[in-house]
Amino acid sequence: MGEAIFQFLFKYPPVAFERGRLAFSSGWPGWAWAGVALAAAVLVAWYLWQRHPHLAAKEKLFVWSAQSLTLAILLLLLWRPVLILSSLVPQRNVLAILVDDSASMSLVEDGVSRADRVREIFGDSSPLPAALREKFQVRMYSFSDAARRLPGVQELNSAGTGSRIEGAVSEVYAELRHLPLAGMVVVSDGAQNLPPSSRETMEEIQARKIPIYTLGVGRTELSRDLQVDEVAVARTALPGALLTADVTVRQRGYLGREARLVVREGSRVVASKDLEFGPEPVQTVPVSFTPSSKGIKEYSFEVVAPEGEPVRENNSQSRLVEVQDRSARVLYLEGEPRWEYKFLRRALELDESIRIASLLRTSQNKFYRQGIENEQELAEGLPEPKELFRYEGLIIGSLSASFFNAEQQKSIYDFVSRRGGGVLFLGGREALSAGGYQNSLLADLVPVELQTAGASASFHFAPAKFQLTARGWDKLQLSS
């Protein structure tokens with residue numbers, strides 16, 4: 001109703017004004033009309049305030065507004081405004097049609113696959129392609145990870161591994177950018193799920209005001225679906241070491257139901273875990289396993305769903321892990337003989353994938369070395385940066401920050417920030433706040449806020465209860 005009234009008053013529908021542009025057929029510039037209209041408004045104001053001082057301020061304002069608006073409209077008519085519209089010349093412009101060819105297009109809904117619905121709409125027997133070809137030069141493309149010329153929709157095979165919509169649009173535009181491109185039509189059943197491409201091409205399309213029309217295929221939401229969103233696992237591992245992967249699982253329609261997360265190395269199942277779905281749509285599940293041997297291993301993480309899930313293609317993801325045939329070198333610096341030193345060394349020595357070298361201070365100026373490979377290792381205390389960088393982990397026990405000079409503190413800081421090594425700070429009589437670390441360069445490496453040294457921050461013994469972490473339980477179950 002509103003559009004009909006607008007067209008009755010202004011002759012053209014609103015879309016014509018959106019796509020057209022206003023101009024003046026008199027040849028006079030628009031800024032001249034604005035200047036004359038402003039001068040007329042000033043002249044009317046001067047006349048009212050000089051010749052009719054008896055009028056109230058509100059009356060003067062009303063009369064001035066009405067007369068100024070009337071003069072502006074009259075001046076606008078003298079400038080002869082016109083609406084300039086552009087029309088398409090048949091067969092002079094190109095229309096690009098991009099059709100999603102990913103595996104999800106093979107999903108069957110109501111007895112018909114999504115790809116078949118596209119074939120019905122854009123097939124040779126459909127009236128839509130014929131109508132488009134009367135006005136445009138139609139060029140069809142299929143896309144998944146990349147865009148390809150499509151001779152006809154019958155060539156769709158729904159075999160792509162994902163949908164890279166932005167990249168496909170950029171590739172097609174790069175091919176057609178020098179032609180009169182009227183627009184682009186993107187036919188897809190979902191959002192982009194592959195990494196985006198450069199935004200420069202998309203910004204150029206926007207700047208040239210080339211329209212992109214989207215046509216959705218299939219249902220917007222599935223009633224039931226399980227999906228492995230992400231798998232976070234280390235890229236390298238040592239033989240016999242326990243690997244823990246954080247698997248993010250998304251669910252819809254499985255509230256109160258169960259599924260099973262299975263980890264496979266090739267065809268062999270190396271770990272599994274039962275999942276129970278609550279009200280949260282997304283949950284991250286840690287699962288641990290041990291690589292069987294050295295080499296590059298491919299691990300698949302799959303959620304085995306109950307019967308009735310319509311889409312199972314998104315239930316798994318794979319990751320490559322390089323199992324290196326070597327031992328991780330760890331350096332342990334301890335300031336006093338204590339139980340922690342004894343039991344920590346004993347535990348690490350049992351792990352064949354770790355070689356631990358330790359430097360124990362037995363008295364003020366005497367040190368005891370263990371686990372060294374040669375006489376030169378740790379002979380001068382904390383090694384130089386070049387030698388320190390050969391280790392992968394550093395354990396600092398009951399040693400005060402003043403034990404390390406400024407150059408050594410910088411070396412430890414670079415060991416973490418540049419080399420990517422790990423540092424473990426143990427508690428003790430001269431550790432953490434009691435050792436003055438809050439005032440040293442190493443304070444940034446400690447993952448807690450250190451208090452000012454004092455009575456409340458001093459080291460003391462207190463009874464405590466310990467509980468195994470989830471990873472500890474997993475390792476205990478694997479070892480048993």
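Trainee: How many bridges join strand β3 to strand β8, and which way do the two strands run?
Mentor: Keep in mind as we go that this model is predicted. Strand β3 covers residues 93–100 and strand β8 covers residues 181–188. The two run parallel, and the number of bridges that join them is 6.

Trainee: Where do β3 and β8 sit in their sheet, and what is the strand order?
Mentor: The sheet is open, with 5 strands and mixed pairing. Its edge strands are β7 (147–149) and β9 (212–216), each pairing on one side only. Neighbouring strands are turned by 25 degrees against each other on average, direction ignored. Reading across the sheet, the order is β7-β6-β3-β8-β9.

Trainee: On to the helices: at what angle do α7 and α8 cross?
Mentor: Two packed helices are described by the angle between their axes and the distance between the axes. Helix α7 spans residues 165–176 and helix α8 spans residues 199–207. Their axes come within 9 Å, in a left-handed crossing. The angle is roughly 65 degrees.

Trainee: Which residues make that contact, and how many are nonpolar, polar and charged?
Mentor: From α7 come Glu166, Val169, Ser170 and Tyr173. From α8 come Arg199, Thr201, Met202, Glu204 and Ile205. Sorted by class, the contact has 4 nonpolar, 2 polar and 3 charged residues.

Trainee: Which element gives the largest share of the largest nonpolar core?
Mentor: This core has 25 residues, and Val247, Val263, Val287, Phe289, Phe301 and Val303 touch the most other members. Elements giving two or more residues to the core include β10 (225–232), β13 (258–265) and β16 (295–304). The largest share is 4 residues, and the element that gives them is β12.

Trainee: How many residues does the second, separate core have?
Mentor: Among the members of this second core are Leu331, Leu378, Leu399 and Ile412. The core is separate, and its residue count is 21.

Trainee: Is asparagine 315 buried or exposed?
Mentor: Asparagine 315 has its place in the loop between β16 and β17 (316–323). Leaving aside neighbours within four places in sequence, its contacts include Leu226, Val228, Phe301 and Val303. Phenylalanine 301 in turn lists Asn315 among the residues it touches. Because its relative accessibility is 3%, under the 20% cut-off, asparagine 315 counts as buried.

Trainee: What is the phi of arginine 80?
Mentor: Arginine 80 is found in the loop between α4 (57–79) and β2 (81–84). At 47% relative accessibility, this arginine counts as partly exposed. Arginine 80 is not a glycine, although its phi is positive, at about 55 degrees.

Trainee: And what is the phi of leucine 432?
Mentor: Leucine 432 lies in the loop between β22 (422–425) and α12 (470–479). Its relative accessibility is 26%, and leucine 432 counts as partly exposed. This residue is not a glycine either, and its positive phi is about 50 degrees.

Trainee: Let's finish with β21. Which residue in β22 stands opposite isoleucine 396?
Mentor: In strand β21, Gly393 and Ile395 point one way, Leu394 and Ile396 point the other way, and all are buried. Strand β18 runs parallel to β21 and is joined to it by 4 bridges, with valine 330 paired to glycine 393. Another 4 bridges join β21 to β22, again parallel. Opposite isoleucine 396 stands phenylalanine 425.

How values were computed:
Residues numbered from 1 in each chain as written. Predicted model: local features only at pLDDT ≥ 70, side-chain atom pairs only at ≥ 80, totals over all residues. Heavy atoms only, no water. Pairing = 2+ DSSP bridges. Axes fitted to C-alpha atoms, helices over the stretch in contact; angles between N-to-C directions. Left-handed = near helix turned anticlockwise from the far one by under 90°. Contact = heavy atoms within 4.5 Å. Nonpolar A, V, L, I, M, F, W, Y, C, P; charged D, E, K, R; others polar. Core = buried A, V, L, I, M, F, W, Y, C linked by side-chain atoms within 4.5 Å. Buried < 20%, exposed > 50% of the residue type's maximum accessible area, 1.4 Å probe, protein only.
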